Amino acid sequence: MLIRSMIFKEWVKVRWFLLLYTLLAVLAVAYIFIRVRHDITFHEANNYWYFILFQGHSWFRLLRYIPLAGGLVLAVAQYFPETVNKRIKLTFHLPVEENRSLLMMMQFGTLCLLACFLLLFLLLCGLSRVWFPTEIIFSAVVSVTPWFLAGFAAYYLAALIILEPVWLRRILYLLVAAAFVPLYLTGSVPGGYGPAILALFLLTCLLSVALLFSGYRFRKGEM
Amino acid sequence: MLVAVMAAATALPQLYWMIFGKPVRTPFIMYSCVDDLFMIQRTGETMVREDTRGNQYTREEYEEKLPMLYMRQLMLSGTMMDTIRGIAIDAREVNNARSTFRYKPSDRYTPDPGLYPLFEAESGRANLEMPEDYFRITWRMEFTDAKTNKVDEEKSRLFSAALYHKGFQFPAVKIAGIPTTRKSCDEGYLVVDAAHQLFHVKMVRGKPYVRNVELPEGLRFEHIACVDFRDRLYYAYLIDKGGETWILTQDDYMLVKLPVGSFNPASEDMRIYGDFFNYNVIFNGDGFVRAVALDKDFNKIDEYGETWKIRMELPEGKAFTWLFPGTLKLESPNSNFLKFRVEVNPVARWIWLSLALAALHFLLLSRGKGYTLRKNLTGHLADLAIIVVSGIFGFLAVNIFPNRFFD
């Protein structure tokens with residue numbers, strides 16, 4: 001019962017941000033395909049395929065920073081209110097193990113992001129089947145996967161930074177994040193990210209527990 | 001923690017080289033058909049032009065030694081010779097014989113497009129036209145129409161059958177061609193099948209043309225680069241798994257191995273400049289350049305090479321090996337694929353800095369309140385180990401993410 005009301009609290013915090021973000025992101029995907037349709041009508045499908053296959057044209061490039069923005073928006077919506085007057089300490093006084101409540105918050109956020117990204121991803125793949133063959137779709141999938149992982153990484157790192165009580169550490173974490181997140185967003189030819197995806201996925205999973213650091217420090221009362 | 005080590009190992013070396021990196025200036029080497037030796041041009045603070053005997057030249061003299069390369073300039077200045085090696089020079093013939101080719105590792109290490117346009121080789125039109133469909137060779141040769149995004153069953157069956165009858169083993173493992181309309185004519189594709197056989201596939205008046213090329217026993221290709229030169233002597237440069245370079249002659253499908261020695265296609269460049277008298281084959285890798293001159297029958301005439309200190313042997317590289325254990329990067333100049341590449345420095349000088357940093361970290365710890373030596377050692381063993389192994393990166397990471405779970 002307690003867990004359920006905690007989840008409800010998280011939902012109340014993020015719902016409008018999440019819905020608005022999802023709406024905007026879906027519009028962005030829609031715009032991508034309006035653009036594809038337009039370009040195919042104006043340049044002929046065979047020429048458009050040629051740009052993609054041999055000239056490195058990435059028709060999905062608009063998507064690059066969208067998951068990143070999603071991760072940041074969600075992290076701010078979910079964790080920023082907790083830092084106001086250090087409200088998160090209230091959470092830690094609930095009869096739930098502290099790490100567990102933090103993990104629960106993070107799992108909730110992860111699931112929200114996952115649902116939203118899955119929607120975008122399926123929309124992208126599904127619609128691209130109308131105009132593109134598997135080869136083109138596959139290379140697009142390889143290219144956008146790190147961008148979606150970047151969204152998760154940004155969410156975890158932003159949560160870590162927001163919950164961190166000491167300003168100096170916040171800045172240090174920010175530096176680390178600024179050096180780390182670009183690994184997901186390095187420009188490459190379509191499909192070039194293939195060999196790195198598994199490692200990036202594992203790293204993102206590792207990052208998901210980083211939040212516990214800040215929570216730990218917060219409840220220790222470090223300022 | 002790992003994330004912080006990785007972030008530091010990516011960002012710091014990048015920053016270091018951004019500040020201290022110097023460009024490597026590779027000398028430009030060309031065989032002179034006038035003097036029968038190699039000419040060298042060095043760029044840098046001052047431009048030096050010389051030959052392998054050490055004679056220095058002015059720009060004009062240098063250009064006169066390489067009349068095939070600078071013909072236009074020489075004609076403009078009126079210094080172009082009429083005969084070379086007793087042969088009257090005809091500008092059109094010289095132009096016809098000229099060819100340039102460059103192989104770089106990222107030509108090989110790049111994602112395959114998977115789909116290719118098959119042009120009509122004898123359309124009767126002067127210009128090539130982009131076909132409406134693209135083909136893939138998986139379990140069969142399949143044409144997909146771009147407008148409808150649907151498979152053209154009839155054409156797919158026709159071409160698959162033609163391949164099958166010539167003994168093609170599906171799927172294709174390598175498809176090489178020149179997929180552009182900006183070429184003089186179409187020669188289709190060179191395709192390597194699952195049994196490492198080489199085929200020439202093109203479309204002639206809508207019908208498949210398939211030719212199985214006889215290969216020497218055991219020959220496997222690393223890379224195939226089709227060419228479109230005016231003299232039409234050969235279809236492609238082929239690089240085998242051993243790094244040897246071959247040509248496939250036009251119409252009679254002879255494989256000829258160029259006597260230029262092997263190179264490493266994963267990390268070295270190869271350039272081939274053909275002219276009226278010679279071929280210049282130039283290999284360029286980390287710290288060396290090697291040029292081989294061939295005659296027009298592909299016999300070796302001469303060879304010349306130079307080496308220089310690689311980056312890590314220069315002062316800024318040495319300083320780098322003192323400071324950092326290595327580099328972590330995603331990108332490589334030799335590949336279009338991204339993956340985590342760990343380059344550990346060739347000399348283990350960084351271990352001293354690592355040990356010093358570990359000692360410093362240890363000292364900082366023991367100055368804290370309520371720490372005893374034993375607590376220090378057992379609680380922070382992991383941190384100290386990280387610093388010893390990853391040096392400055394680990395030191396930064398440990399201090400950004402203190403391992404407080406051990407408190």
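Modeller: Domain bounds here come from an automatic or database domain assignment. On that basis chain B is divided into domain 1 (1-24 + 310-407), domain 2 (28-96) and domain 3 (101-274). This is a predicted model, in which local features need pLDDT of at least 70 and side-chain atom pairs count only at pLDDT 80 or more, while totals for chains, interfaces and linings use all residues. Residues are numbered from 1 along each chain as its sequence is written, chains are lettered from A in the order in which they are written, and side-chain values use heavy atoms, with hydrogens and water left out.

Let us look at the meeting of domain 1 and domain 3 of chain B. Their C-alpha centres lie 47 Å apart. The contact (heavy atoms within 4.5 Å) takes five residues from domain 1 of chain B and seven residues from domain 3 of chain B. Between them the two domains bury about 510 Å², 53% of it on carbon and sulfur atoms; buried area is the accessible area (1.4 Å probe) that two parts lose on being put together, summed over both. In domain 1 of chain B, the residues losing the most area to domain 3 of chain B are B:Asn334, B:Asn336 and B:Phe337, together 89% of what that side buries.

Zero salt bridges are counted between domain 1 and domain 3 of chain B, a salt bridge being a side-chain nitrogen of Lys or Arg within 4 Å of a carboxyl oxygen of Asp or Glu. Three residue pairs (both at pLDDT 80 or more) are found in polar contact across this interface. A polar contact is a pair of N or O atoms within 3.5 Å; within protein, one must be able to donate a hydrogen and the other to accept it, and residues adjacent in sequence count only if both atoms are side-chain atoms.
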